[in-house]
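Look at the structure first, then read on.

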Amino acid sequence: MTYTAPNVFTTRPTLQGTFGMTASTHWLATACAQAVLERDGNAFDAAVAGAFVLHVVEPHLNGPGGDMTGVFVTASEPDTPRVLMGQGPAPQAATIDHYRSEGLDLVPGSGALAAAVPGAVDAWLLLLRDYGTWELPEVLAFALGYAREGHPILGRVVATIGSVAALFTEHWPTSAAQWMPNGHLPHAGDLVTNKAWATSLARLLAASADSAAVTREGRIDAARWEWREGFVARAIVRFGRSAHRHSSGTDHAGVMTLADLAGFEASIEEATSVVFRGHTIAKTGAWGQGPALLQTLMILDGFDDERLDPSTALGAHTILEAQKLAIADREAYYGDASVPLDYLLSADYAATRRALITDQASQEFRPGIVPDHAPYYPVLRTEYSTAALSEQGAGASVGVGEPTVAAPTRAAAEPEVLSTGEMRGDTCHIDVVDRWGNMVAATPSGGWLQSSPTIPELGFCLGSRLQMTWLEPGAPSALTGGMRPRTTLTPTLVLKDGQAVTALGSPGGDQQDQWQLLYLLRTIVGGYTPQQAIDAPAFHSTAFPSSFWPRTWEPGGAVVEDRLGEAVIEQLEQRGHRVTRAGGWALGRISAVTRDPQTGLLQSAANPRGAQGYAAGR
C-alpha cells in the first residue's frame, strides 16, 4: 500500500523565494509583516508588527487583553529552539474556594472571573526588545493606523457581534458602545475604528518616548512598565471591581489586582522536543498542550508509513486513536507544576500506549499509568446545565469559549456563529522567516471581543483562559492563584540536521495540534508541499473533555471534512467512530513558512478555508 498522493490542484501556490516569507490568518497582518521585512526589519520585528495588527483586525479572535505563545530560532543559533511565553497566570485571589463560594462548579467561559493576567502585549514587546531591531513607534505604526483611521471589518466579526448583541445591550453596555454604536451593527466591509485602543497605543508610545532611557531596549521596557504598572493596569483593576454577567448566567466581579499585573513578566523558555522520522519537533512545556502532539508522534513513530496516511481509513483511524491517548494524558498530567514529561515522551511509554490501539475505536477516556504519579480523571460530562442557564436559556451562555471549531450539528461549508455566541471559526496565527534565517511561529489568542466587557478607557477586554482550569483540588490544572492555566496555544517549529526548516501553527483550541499533526505527517512522511498539506482534507477527535467551558466530551467523537471521501468516512463509522461531517472546507487553519538551510530557499503557504488567511513573500 502506498501513501496517498497529494492533489495536483492547490487553492493557491506554495510561495517560493530567498528574501523573506510571511503567513498569517489575516491578509492585512501578513502584508504589514512583509512590509517590515521589505524595510530591512528582521523576522521578529515583522512578527510583532503583524501581531499588533491582528489585535485590531481580528478582534473576535484575539486582543491585547489576551495571551500568546511563540516558538522561534535565531540566525545565530539555528539549532536552539526557544519558546516565547506570553501566558499570564491566575490572579492570586482566584482560588477554588472563592469560585465555589460564588456558586460555581466550573470556571466560567466568559466574564472577569475567567481572566488570567494578560500576557500577549508584554510577550510581544519582550520579543521585540531582545531579538528585534526596530524602534517601538515604527513597529506599532501599522496597528495604530488601523485603530485610528479604520480597517474594513470582516463579515465574521459582524456575525460574532450579532450573536452577542443581546448580551451587550442588556449586560455589557461598554461593549455595545464600542461594537454597536448607536445600537446598530456594522456591515461587512465598513471601515471600523477603535479610538480607545488607538489612544492606549499612543499613550504607551508616549511613555516610551518620555522615559529617561537612552537605549532602544530601555524605551521598550518603559512601555512594558506602563502596561504592567501604569495606566493600563490601573484601568483593568478599576473596571474589574464591578460585577457583570458571566457565562454561568450569574453576575460576578473580578479578582485581579495591581500586584497581579505588576508581578507578571513574559519570558523566554527552552523548548520541549522529540525526534520523529529524522526531524526534531519543538513545542512548549506541559503548561501548554504542545507535548501532547509530541506524545502522539512518539506513538505513531512505531507504525509503518501506511498507518500514518490521513487520507485512508486505516491511517485516519490510527491517528485518531493515538490522539485520544495522548490528549487523555494531557488531561491527566499536564499543568503548571511538576509534570513527568521525560517519562511521557519516552519510547518505552509510547510503546505501551501504542499497544492499546486496536481495529476498533475506543469509547473510553484512557490516561496512562506513570510511576509515582496518580492520573487525574476529570468529570466526564456529555452535557452541562445550571439552574441559571435553564431559567435564562441559551442567551446566558453567549460569548463563551475560545472562538474555535466545535463539532458542527449540520454540514457547513464555512465556520458559523451559533445562537449561543460560540463561534465555529478560529483564533489567530502568524509565521515569519527572513533571509538571515530567523524564524518564528506564534499563536495569539484570548481577549476576543465576546470574552468579557470592553474596558472603555483602554478599548479592549480581558481574556478567558482560566476556563481551562478545574475547580477540583488535586487536578494538575486546578485553579491556583499565581499558576498558569494549561493553555491550548501551541505553535510548532521543525528542525532537521540542526537547522530550523519549518515554522507552523493553527488556531483552533483543542484542534490546533490535531490539525498540525496532519500537516507534519503529510509533509514529513508523504512528501507533500506546504500548500498541498494545508489544502488536504482534515479531521479531529472530540473524544476528550474540551478545554473550554462547559468542558463536555463526546466518547468516540470525530469531526471530518466531507472531502475525506464516502468510503473512508463509512469505514471510520464501521470501526466505531461517531463521525460528524463538517462540510468540504471547514476544518484546519494552518499557515507555515519553511527554509532550506542548504540553498536558502524560503517558502510560505496559508489556509484557504474562510478566505481570510494569506501568505506573502519573495
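Strands (E, at least two residues) and helices (H or I, at least four) are DSSP runs, numbered from the N terminus.

This is a predicted model: local features need pLDDT of at least 70, side-chain atom pairs count only at pLDDT 80 or more, and totals for chains, interfaces and linings use all residues. Residues are numbered from 1 along each chain as its sequence is written, and side-chain values use heavy atoms, without hydrogens and water.

The sheet is open, has three strands in the order E16-E17-E18, and its pairing is mixed. E16 and E18 are the edge strands, each pairing on one side only. Neighbouring strands are turned by 20 degrees against each other on average, direction ignored. Two strands pair if DSSP finds at least two bridges between them.

| Pair | Sense | Bridges |
|---|---|---|
| E16 (residues 539-541) and E17 | antiparallel | three bridges |
| E17 and E18 (residues 578-581) | parallel | four bridges |

Serine 541 has alanine 558 in E17 as its bridge partner. Valine 559 stands opposite threonine 580 in E18.

Now the helices. Helix H14 (residues 313-333) lies across E16 and E17, at about 35 degrees to E16. H20 lies across E17 and E18, at about 150 degrees to E18. Angles run from 0 to 180 degrees between N-to-C directions, with axes fitted to C-alpha atoms, for helices over the stretch in contact; contact means heavy atoms within 4.5 Å.
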